[in-house]
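Please find below my notes on the model you sent. They are set out as numbered points, to be read beside the coordinates.

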Amino acid sequence: MGSFIIIAVIVVLILAFAGYKLFNKPKATPVAAAVQVAYKELLSGHVTFYQKLDTAGQAKFEQLITEFIQSVNIEGVGLEVDDLDRVLVASSAVIPIFGYHEWRYQNLTNVILYPDTFNNDFQFEGEDGSRTIAGMVGSGYMNGQMLLSRAALHKGFSSQSGKQNTAIHEFVHLLDKSDGAVDGVPEHQMAHDYASPWLKMMHQEMQRIQKGNSDIDAYAATSEAEFLAVVSEYFFEKPEQLQRKHPELYQQLSQLFIQDPAAQ
Ligand SMILES: [Zn+2]
């Protein structure tokens, strides 16, 4: 009888402990508040997109970049990754998807920062003329990886960026890839009716670029995928200029991203 009571007490204690564990899951990590203050400061100092948002928008942006930093591994090759690197990578990820509800990058586990441009063998040292890649989204055995030049990442958020932002460019490729194909038509984000007018407009503008009659970077004429990525950089970096010079293109991108940055 005595041993029965002891066993019963042990069972009750185990159940109580399991219940305690189940209903008292640790909330956000205690460092989160301090970290968020640091991120807020870096965003205010370096990210124009964030500076233009209202208070609610800024809070949402902070939340999204924190989630991104917690869920994606940002590492460096030949460099030490700091908070500003993390905030800029996460901002580049969040800016293109900021208009979407509950959207997450599914096909990304690592962002690997290189000090500067690299070549196709992912080397970044030496005097190699092919050392010209500033960013890429991995495929095949590199699936889930994004490689970025830290110099290009920082330049994209500096006052000398012009219409360019390499990291936003790469995240738009990743967005494009979410339907399985990097082809310049992000099908999940684009209503079926829009795909055909979008392709038509894209091909017309690519021809103008090839003839030298466009202010859009010539790299956009390489392929439909590059066109989307390059004009998206332009859309987020110089929205007023894009709207003035290419109103239809601006309109299409505004519908695609569900954002109107020229109005902010
Ligand atoms: Zn590209």
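1. Basis. This is a predicted model, in which local features need pLDDT of at least 70 and side-chain atom pairs count only at pLDDT 80 or more, while totals for chains, interfaces and linings use all residues. Residues are numbered from 1 along each chain as its sequence is written, and side-chain values use heavy atoms, with hydrogens and water left out.

2. The chain as a whole. The chain holds eleven helices and four strands; helices (H or I, at least four residues) and strands (E, at least two) are DSSP runs, numbered from the N terminus. Of its 264 residues, 46% count as buried, where buried means under 20% relative accessible area, exposed over 50% and partly exposed in between (1.4 Å probe, protein chains only). The chain exposes about 14300 Å², and carbon and sulfur atoms supply 55% of that area. Accessible areas come from the Shrake-Rupley method with a 1.4 Å probe, and for residues only the protein chains shown count as cover. Among contacts (heavy atoms within 4.5 Å) with a separation of 6 or more, 60% are between residues 24 or more positions apart.

3. The zinc site. The zinc ion has as protein donors H169 (NE2), H173 (NE2), E226 (OE) and E226 (OE), at 2.0 to 2.6 Å. Donors are N, O and S atoms within 2.8 Å of the metal (3.2 Å for Na, K and Ca); water is not among the atoms, so sites may look incomplete. Along the chain the donors follow the spacing H-x3-H-x52-E. H169 belongs to helix α7 (residues 166–177) and E226 to helix α9 (residues 224–237), so this pair ties together parts that are 57 residues apart in sequence. Both H169 and E226 are buried.

4. Geometry at the zinc ion. Why is the arrangement of the four donor atoms irregular? The angles that they subtend run from 53 to 145 degrees, which makes it so. Four donors count as tetrahedral if all angles lie between 85 and 135 degrees; four count as square planar and six as octahedral if opposite donors are over 155 degrees apart and all others between 65 and 115; anything else is irregular.

5. Helix α7. Twelve of the twelve residues of α7 are buried, so the helix is largely enclosed by the rest of the structure. The zinc donors H169 and H173 are among these buried residues, as are E170 and D176. The end C-alpha atoms of α7 are 17 Å apart, which agrees with the 16 Å that twelve residues should span at 1.5 Å a residue. The expected span of a helix is 1.5 Å times one less than its number of residues.

6. Helix α4. Helix α4 (residues 55–71) has 17 residues and reaches 25 Å from first C-alpha to last, close to the expected 24 Å. Its buried residues include F61, L64, I65, F68 and I69, and also Q58 and E62.

7. Strand β4 and its partners. Five of the five residues of strand β4 (residues 145–149) are buried. Q145, L147 and S149 point one way from β4, and M146 and L148 the other way. Strand β2 (residues 110–114) runs parallel to β4, with five bridges between them; Y114 has S149 as its bridge partner. Strand β3 (residues 135–137) runs antiparallel to β4 and is joined to it by three bridges, with M136 bridged to L147. Two strands pair if DSSP finds at least two bridges between them.

8. I112. This residue is in strand β2 and is buried, with a relative accessible area of 11%. I112 and Q145 are 33 residues apart in sequence, and their C-alpha atoms are 7.2 Å apart. Leaving aside neighbours within four places in sequence, I112 is in contact with E75, V77, Q145, M146, L147 and L148.

9. H246. This residue sits in the loop between α10 (239–245) and α11, buried at a relative accessible area of 12%. Beyond its neighbours within four places in sequence, H246 is in contact with E205, S214, D215, I216 and Y234.

10. Positive phi. Which backbone values should be checked? E102, a residue other than glycine, has phi near 55 degrees. E102 lies in the loop between α5 (83–97) and β2 and is exposed, at 61% relative accessible area. I258, also not a glycine, has a positive phi of about 55 degrees. I258 is in the segment after α11 (247–257) and is exposed, at 56%.
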